[in-house]
Amino acid sequence: MTAIDPAHVVGTGGAIGALLRQYVSQAVAVEEYPLGTFAVNVLGSFVLALVAFGGVGGQLGLLLGTGLAGSFTTFSTFSYETVRLWETGERLRATVNAVSSIVGAVLTIGLARWLLAGLG
């Protein structure tokens, strides 16, 4: 059996993650706040933590962790949207977005680790 090129595995996961990101972002979008970006970053952090702390390695780890979670989440969009809120005078929303996104992502990583520890 021929091994699949790791770049193809990551690319496949990336394509799936990008599509999921678009669907989730649209499903929870609101005009006044970048809720879609917040949702994908928090959910993606949870998925990545499950993969990493769950010991998922090899090609499945590349597919789910590097590819899917990597393209599902977006630090650049989060940063851009936070700066845009700040520049347009929405400084409280910019601050809430920055703090809630970072705290939310870290908490979901802790939640995933806690859940996996409870299973093991």
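Author: Accessible areas here come from the Shrake-Rupley method with a 1.4 Å probe. On that basis the chain exposes about 7400 Å², with carbon and sulfur atoms supplying 70% of it. The model is predicted. Its chain holds five helices and zero strands, and its C-alpha trace spans about 60 × 35 × 20 Å along the principal axes. Of the 120 residues, 28% are buried. Among contacts with a separation of 6 or more, 74% join residues 24 or more positions apart.

The part to look at is helix H1, residues 6–28. Two packed helices are described by the angle between their axes and the distance between the axes. For H1 and helix H3 (residues 58–72), the axes come within 6 Å and cross at roughly 40°. The crossing is right-handed. On the H1 side, the residues that meet H3 include Val9, Val10, Gly13, Gly14, Ile16, Gly17, Leu20 and Val24. Their counterparts in H3 include Leu62, Leu63, Thr66, Gly67 and Phe72.

H1 also carries Leu19, which has 51% relative accessibility and therefore counts as exposed, the cut-off being over 50%. Together with Ile16, Leu20 and Tyr23, Leu19 makes a nonpolar surface patch of about 400 Å².

For contrast, Thr37 in helix H2 (residues 35–53) counts as buried because its relative accessibility is 8%, where buried means under 20%. Beyond its neighbours within four places in sequence, Thr37 is in contact with Thr74, Thr77, Phe78 and Glu81.

Key. Residues numbered from 1 in each chain as written. Predicted model: local features only at pLDDT ≥ 70, side-chain atom pairs only at ≥ 80, totals over all residues. Heavy atoms only, no water. Patch = residues over 30% accessible without salt bridge, like charges linked within 9 Å, V, L, I, M, F, W, Y side chains within 5 Å. Salt bridge = Lys/Arg side-chain N within 4 Å of Asp/Glu carboxyl O. Helix = DSSP H or I, 4+ residues; strand = E, 2+ residues; numbered from the N terminus. Buried < 20%, exposed > 50% of the residue type's maximum accessible area, 1.4 Å probe, protein only. Axes fitted to C-alpha atoms, helices over the stretch in contact; angles between N-to-C directions. Left-handed = near helix turned anticlockwise from the far one by under 90°. Contact = heavy atoms within 4.5 Å.
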